Amino acid sequence: MHYLHTMVRITDIDASLRFYRELMGLKEVRRIDNDKGRFTLIFLAAPKDLENGDGEHVPKLELTYNWDPEEYTGGRNFGHLAYRVENIYDFCQKLSDAGVIINRPPRDGNMAFVRSPDGISIEILQEGDPLEPKEPWASMPNTGSW
């Protein structure tokens, strides 16, 4: 068995790609436009997974955009996506500088949560051992739900 992907529905391709590609750093690996089904599928992968993977068998995130408007609620219902980063403080600062709310700051130098433009909860984890706690993160409260 091989893990293939996690699918999340999106409502705005441009906003979602800005978040996942530009801010999260994922790479687009495939796109399918289905005229008959009236949807677009965009597959993304983490750079290190692409470096270490064997082509098709890398874990992917599938963004599903339905061309006919629908309202999606409860993005957290399925759980969350999780990504490991080299420096959680630098990564969270980059997101914060771009206007992303850090819902659960990395107070412990190890874990943070943010949300995508569609309300999907995303866990950010520190690679290796946790970093030493530091400000402003150490005393930053939670914001909203995560």
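Me: Before we start, what has to be found for two strands to pair here?
Reply: DSSP has to find at least two bridges between them. Keep in mind that this is a predicted model.

Me: How many residues sit between β7 and β8 in their hairpin?
Reply: Five, and Gly119 in that turn has a positive phi of about 85 degrees.

Me: And which strand pairs with β7 over two bridges?
Reply: Strand β6, residues 102-104, again in the antiparallel sense. Arg104 has Phe113 of β7 as its bridge partner. β6 and β7 also make a hairpin, with six residues between them, and there Gly109 has a positive phi of about 70 degrees.

Me: Is β7 mostly covered or mostly open?
Reply: Mostly covered: four of its five residues are buried.

Me: Switching topic. What's the strand order in the open sheet of four?
Reply: β1-β4-β3-β2, with mixed pairing. β1 (5-10) and β2 (27-34) are the edge strands, each pairing on one side only. On average, neighbouring strands there are turned by 20 degrees against each other, ignoring direction.

Me: Which way do β1 and β4 run, parallel or antiparallel?
Reply: Parallel, with six bridges joining β1 to β4 (residues 60-66). Val8 stands opposite Leu63 of β4.

Me: What packs on that sheet?
Reply: Helix α1, residues 13-23, which touches β1, β2, β3 (39-45) and β4. The direction of α1 makes about 5 degrees with that of β3.

Me: Now the largest nonpolar core. Which residues touch the most other members?
Reply: Tyr20, Leu61, Leu63 and Ile122, out of 30 residues in that core. Elements that each supply at least two residues include α1, β4, β5 (81-85), α3 (88-97) and β8.

Me: Why does the core lie between domain 1 and domain 2?
Reply: Because both give residues to it: domain 1 is 5-66 and domain 2 is 81-136.

Me: Back to Tyr20. What is it in contact with, leaving aside neighbours within four places in sequence?
Reply: Its contacts include Val8, Leu44, Leu61 and Leu63, and also Leu81, Ser116, Ile120 and Ile122. Gly25 and Leu26 are among them too.

Terms used:
Residues numbered from 1 in each chain as written. Predicted model: local features only at pLDDT ≥ 70, side-chain atom pairs only at ≥ 80, totals over all residues. Heavy atoms only, no water. Axes fitted to C-alpha atoms, helices over the stretch in contact; angles between N-to-C directions. Contact = heavy atoms within 4.5 Å. Core = buried A, V, L, I, M, F, W, Y, C linked by side-chain atoms within 4.5 Å. Buried < 20%, exposed > 50% of the residue type's maximum accessible area, 1.4 Å probe, protein only. Domains from an automatic or database assignment.
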